[in-house]
Amino acid sequence: MRVLVLGGDGFCGWPTALHFSARGHEVVIVDNLVRRATDGELGVQSLTPIRSLDERLDAWRELTGREIEFRNLNVARDYEALEELLRTERPDAVVHFAEQRAAPYSMKSRHHKRYTVDNNVNATNNLLCAMVEAAPDAHLLHLGTMGVYGYGKARGLRVPEGYVEATLRSGGAEADIEMLYPPDPGSIYHMTKCLDQQLFQFYAKNDGLKITDLHQGIVWGTSTPETDMDERLINRFDYDGDYGTVLNRFLMQAAIGHPLTVHGTGGQTRAFIHIRDTVRCIELAALSPPKRGDRVRIMNQMTECHRVRDLAALVSTRTGVPVEHLDNPRKEAPENDLDVENAGLIGLGLNPTFLSEGLMHEVIAVAQRYADRCDRNRIVCTSRWVQDVAGAAAQQAAE
């Protein structure tokens, strides 16, 4: 296959690009390197030292003899260049990671809220529009999020893979239909993924595009067989309060002896997936595309569910590092249950990687190796879902 990986320099995009290339697919990375610029904005680097993209690609070529091409392009801004790229490359599959991916970052300020919507929604619409014009037979694979469903609003109901049967009642009549599971985003970032869903529904219905939307759980781990080949290929390890995912943060904190920071009660139940399964899932989905005219295929890309406090207790028991409860910066229920359907990817042949002591120690070993790069002042989340209105007004007046 000829595969474009949009956002191929990022945490999920880089190992995905290597995974496809290692299996003989022709890969082109499309990225504007904005995630690297965000490190500068936030004043915090990946715990692991990330080489320049040119160095990464040179190392991959040196080690494997395989070429991964790179195009520096802003998918949300450079529409004409994007359309021309699709027309020239004639991809079989387009993997769409080209979105701002962090809920806390999306809630930092009015600027970050506006940027996240502007970037994410424009990127998705630009891509869909360009595919209609230049690559109508390509298969779009989008990395969505379990967060589109919300948490705990339908107790006892297993979260389906995108669609739910419903009965509508109006004016004394009723009708049974199948519809998208009612969205309930918990942040501006999650809201953009809900808007993506609606765009996919329209372009699949109106233009017959082949679309797979993979609603992913929280990713943990950092290494895949390909990124482990050489330090120059190492993947990102974000540990800060904006981009660090919860289990990776716990494992990093354990590695440096920092208390495990649990927000609120820790009763939030979340879906999880290891980065190795992320790349496997995307390839499995790419190898079995829907047909033109099919409805959008939605699959839940996760392997297990855990409460945050249970994960913290597990890590604490194995490492001896204490748990510290902090105020929850998010506006969410303190407790929720979560039961998720994931038969789609299992049916395609995914053999799930479950949480194991061995893999946890692997992540801790990576964190210990680069512990000197950790800035402890960046560990705690500073983004808040509900702003201090009086404080914000005073700051504006001072400016």
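Helices H1 and H9 are oblique to each other, and that is where I'd like to start today, everyone. Please keep in mind that this is a predicted model.

So, who is in this pair? H1 covers residues 13–22 and H9 covers residues 275–286. Their axes come within 9 Å and cross at roughly 55 degrees. The handedness of the crossing is right-handed.

Which residues of H1 and H9 make the contact? From H1 we have Pro15, Thr16, His19 and Phe20, and from H9 we have Ile275, Val279, Arg280, Ile282, Glu283 and Ala286. Sorted by class, that contact holds six nonpolar, two polar and two charged residues.

Now let's move to the other pair. Helix H4, residues 79–89, packs against helix H6, residues 110–134, at an angle of about 45 degrees. The axes of H4 and H6 are 9 Å apart. H4 and H6 are therefore oblique to each other as well, and their crossing is right-handed.

On the H4 side, the contact uses Tyr79, Leu82, Glu83, Leu86 and Arg87. H6 brings Asn126, Leu127, Cys129, Ala130, Met131, Glu133 and Ala134. How many residues of each class does the contact of H4 with H6 have? Eight are nonpolar, one is polar and three are charged.

To wrap up: H1 with H9 is a right-handed crossing, and H4 with H6 is a right-handed crossing too.

Technical notes
Residues numbered from 1 in each chain as written. Predicted model: local features only at pLDDT ≥ 70, side-chain atom pairs only at ≥ 80, totals over all residues. Heavy atoms only, no water. Axes fitted to C-alpha atoms, helices over the stretch in contact; angles between N-to-C directions. Helix = DSSP H or I, 4+ residues; strand = E, 2+ residues; numbered from the N terminus. Parallel < 35°, antiparallel > 145°, perpendicular 65-115°, else oblique. Left-handed = near helix turned anticlockwise from the far one by under 90°. Contact = heavy atoms within 4.5 Å. Nonpolar A, V, L, I, M, F, W, Y, C, P; charged D, E, K, R; others polar.
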